[in-house]
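Subject: The structure I promised you

Hi,

Have a look at it first, then read on.

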Amino acid sequence: MGATLSFRVEDMTCGHCAGTIKGAIEGSIPGAKVEADPVRKLVSVTGTDDRAQVAGLIAEAGYTPEAA
């Protein structure tokens with residue numbers, strides 16, 4: 001669980017978007033640490049190795065995750 005999962009999220013355009021994504025992941029994966037940078041369009045997650053779950057949570061929040 002020490003790996004960092006990274007996703008490009010081109011439709012994350014502002015701080016509100018970043019907060020929505022961060023909340024969706026941290027609310028569903030206890031112990032996950034999320035960094036969401038709307039300027040770089042990058043979401044980084046530590047505390048889980050489940051890339052599919054994180055991608056699904058980003059999608060459920062209304063955004064489009066791509067492998068980074």
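A18 is buried, with a relative accessible area of 7% (buried means under 20% relative accessible area, exposed over 50%, and partly exposed in between, with a 1.4 Å probe and protein chains only). You'll find A18 in helix α1 (helices are DSSP runs of H or I with at least four residues, strands are runs of E with at least two, and both are numbered from the N terminus). Setting aside residues up to four places away in sequence, A18 touches M12, A36 and P38; contact here means heavy atoms within 4.5 Å. A18 and D50 are 32 residues apart along the chain, and their C-alpha atoms are separated by 20 Å.

Before going further, a word on what you're looking at. This is a predicted model, where local features need pLDDT of at least 70 and side-chain atom pairs count only at pLDDT 80 or more, while totals for chains, interfaces and linings use all residues. Residues are numbered from 1 along each chain as its sequence is written, and side-chain values use heavy atoms, with hydrogens and water left out.

Now the overall picture. The protein has two helices and four strands, and along the sequence they come in the pattern β-α-β-β-α-β. Its radius of gyration is 10 Å, close to the 11 Å that the globule rule gives for 68 residues, so the protein is as compact as a globular protein of that length (the radius is taken over C-alpha atoms, and the rule is 2.2 Å times the number of residues to the power 0.38). The C-alpha trace spans about 30 × 20 × 15 Å along its principal axes. Of the 68 residues, 32% are buried. Among contacts with a separation of 6 or more, 66% are between residues 24 or more positions apart.

Next, helix α2. Which residues of α2 are buried? In this helix, residues 51–60, they are V54, L57 and I58. These cover an arc of only 100° around the axis, which puts them on the same side of α2 (the arc is that of the directions from the helix axis to the C-beta atoms). The face turned away from that buried side carries the exposed residues A52 and E60. The cover over the buried residues of α2 includes β1 (4–8), α1 (15–28) and β3 (42–46).

Leaving out neighbours within four places in sequence, L57 is in contact with A24, I25, S28 and I29. L57 and I21 are 36 residues apart along the chain, yet their C-alpha atoms are separated by 7.9 Å. Just after α2, G62 takes a positive phi of about 105°.

A positive phi turns up at K41 too: the value is near 60°, in a residue other than glycine. K41 is in the loop between β2 (33–37) and β3, and at 18% relative accessibility K41 counts as buried. One of the residues in contact with K41 is E10, which is in the loop between β1 and α1. E10 is partly exposed at 38% relative accessibility, and beyond its neighbours within four places, E10 also contacts T64 and E66. E10 and D50 are 40 residues apart in sequence and 21 Å apart in space, C-alpha to C-alpha.

Two last stops. S44 lies in strand β3 and is buried, at 17% relative accessibility. Not counting residues up to four places away, S44 touches T4, L5, S6, K33, V34 and E35. A3 is in the segment before β1 and is partly exposed at 39% relative accessibility. A3 and G47 are 44 residues apart in sequence, but 7.6 Å apart in space, C-alpha to C-alpha.

Cheers
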